[in-house]
Amino acid sequence: MTRWWTTASIRVRLTAWYTAALALMLVVYATVTFVAVRHEFREQLEEDSRAAHAHLTPEELVQRQLSEILVVLVLGLPVIVMLAGAGGYVLARRALAPIEHLAGDARRITADRLHERLTVPNPHDEIGRLAAVINGTFARLESSFEQLRRFTADASHELRTPLSVIRGIGELGVAGTRSPSEYKEAIGSMLEEVDRLTRLVDTLLRLSRGDAGSVRLAPELVDLGGLAGDVVASLGLLAEERRQRLEISAPSAVAVRADRLVLREAITNLVDNAIKYGPAGSTIGIRVEQDARTAAIAVTDQGPGIPSEHRSRIFDRFYRVDEGRSRETGGAGLGLAIAKWAVEVNGGHVTYENGDAGSTFRVSLPRS
Amino acid sequence: MRVLIVEDERKLAQVLSAALESEHYDVVAAATGEDGFYRANAELFDLVVLDLMLPGRGGLEILQTLRERRIETPVLILTARDGVDDRVRGLDLGADDYLVKPFALPELLARIRALLRRGRPSDVLRLKVSDLEVNLVGRRVLRGDRSIDLTTREFELLEYLLRHQGHLVSREMLARDVWREPRRATPLDNVIDVQMARLRRKIDPEGAPRLIHTVRGVGFTMREGEP
């Protein structure tokens, strides 16, 4: 059970304080005035009796008393103003103290200590809400720093592995004398690593250009059904090898405005994944959908789906659901990252849904 | 055939020279822009391989000056920058082809062959290696006296291998020239491998001498006997 004044906003509390302070000062001022006036009246009564002898008219008496009251009022006013100023200062300091406190907290949180948060004494008042907003920003900052750190670590791992393989094979080859066919084998395997490295660098460059926003697109009207057909035609062979069926369902012509090649790459990666992870002999559905505002391509496989703990990160660069699925079979873990980038650069987004019958990746784009 | 290589990176220049010499070209290498320009201007070459990033006189400048002087030797430019602008500028200034570093040697060799072949009739209608015969007009394929049925893609793949017979064909070349994809990607690599395996099953049945060979780390080649 919280007391009402702790839950009330600072505005309410400040209002209450100022009202109280003002009331207090008014009471003091009124009291002083009252006392002064009373004193004057008493004096007047005494003087009335003396006035009979002093020949002062009642009018002159009132005049004199009024001027004395005026003196009291004039002298009292600065005192009250000073009191009010002092009171205001104290009140303002009190009201601003939490902000001062907050600033001190915020200064403490640096890039290395992003996990720390501002203390929120009262989450319901203005300062509390401000602190919550700042804490939210810190949380986002922390997560993007974390993402960056992870990306750098993963990238250096992915880049260094082929390098050390090349180096190892080269050093082994130089160390002893081998038959020409062994040398050929060794050089061939070095070349494979070079190829892997080349493609990795290529992909990373594209992604970083995407991040920098320096990718020039050539938007055109793209029919999603046609695009799906195109992708199926090019990857059909892979599905055939695994006795999988690729089923397109496109109700009618659904067009979006996008860079065809970039968008096609996204769909290609999604369908390629579905072929890779869907069991042999299963069916892969590629559905073109639309509603009033968006058009979508949904790629559904009958694979095992993605465990819930991985779902939030599958679009991260270098993220692999199965760490054991090595470079040999799984690639570098950039396929979905590229797909996400390729869709977002065209103004859409990719979502993942885990249904009973496997995974669905849905690419949604604004309808043109 | 005389080829001038203008490349400042010493190791790369050596590799290029060695590769071209092994294909029996007469190779001259220039390590600076000035030297390259001087030679291209003074001597006769059938082809110039020109790096764009050179100390001193840059590749684009050399190219421009050569073309201004009406020296029409085919020029293949090499660049580390894969921005469209660089390529367009190079081609606009009169380059005949370009390659982005790092490139595969088989691809460079194929492009050089193509540039040197230019202007000569290449409309051979019958391609042949060992006992494999392909009739491009009728789209008929014979291995010995056995007729082979191929899908369209398989036929294109076979034709490409035959046109480059004896030479290496990389996956990049296949992706671009047979599949006509602007970019080689992992899914496409898998498609190429599957397609190649199928073609091979039809062309090289058990027992017959193999004609299609895989060269590890590079690609494929079609020839009689081991590569």
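## Exercises on a two-chain predicted model

In this model, the C-alpha centres of domain 1 and domain 2 of chain A sit 82 Å apart. The model is predicted, so local features need pLDDT of at least 70 and side-chain atom pairs pLDDT 80 or more, while totals for chains, interfaces and linings use all residues. Residues are numbered from 1 along each chain as its sequence is written, with chains lettered from A and ligands numbered from 1 in the order in which they are written.

**Exercise 1.** Find the domain bounds of chain A.

*Solution.* Take the assignment, which is automatic or from a database. It gives domain 1 (4-108), domain 2 (143-212) and domain 3 (219-366).

**Exercise 2.** Which residues touch the most other members of the largest nonpolar core?

*Solution.* Start with the terms: a nonpolar core is a set of buried Ala, Val, Leu, Ile, Met, Phe, Trp, Tyr and Cys residues joined through C-beta atoms within 7 Å. Buried takes 20 or more other C-beta atoms within 10 Å of the residue's own, placed from the backbone. Among the 67 residues of this core, the answer is A:Leu224, A:Ile267, A:Val271 and A:Ile297. Next, look at the helix that gives the most: α7 (residues 260-277) of chain A, with nine residues; helices here are DSSP runs (H or I, at least four residues), numbered from the N terminus.

**Exercise 3.** Which element gives the largest share of the side of chain A that touches chain B?

*Solution.* First count contacts (C-beta atoms, placed from the backbone, within 7 Å): 20 residues of chain A meet 13 of chain B. Then pick the top contributor, α5(A), with nine residues.

Technical notes: Buried ≥ 20, exposed ≤ 12 C-beta atoms within 10 Å, placed from the backbone. Helix = DSSP H or I, 4+ residues; strand = E, 2+ residues; numbered from the N terminus. Contact = placed C-beta atoms within 7 Å.
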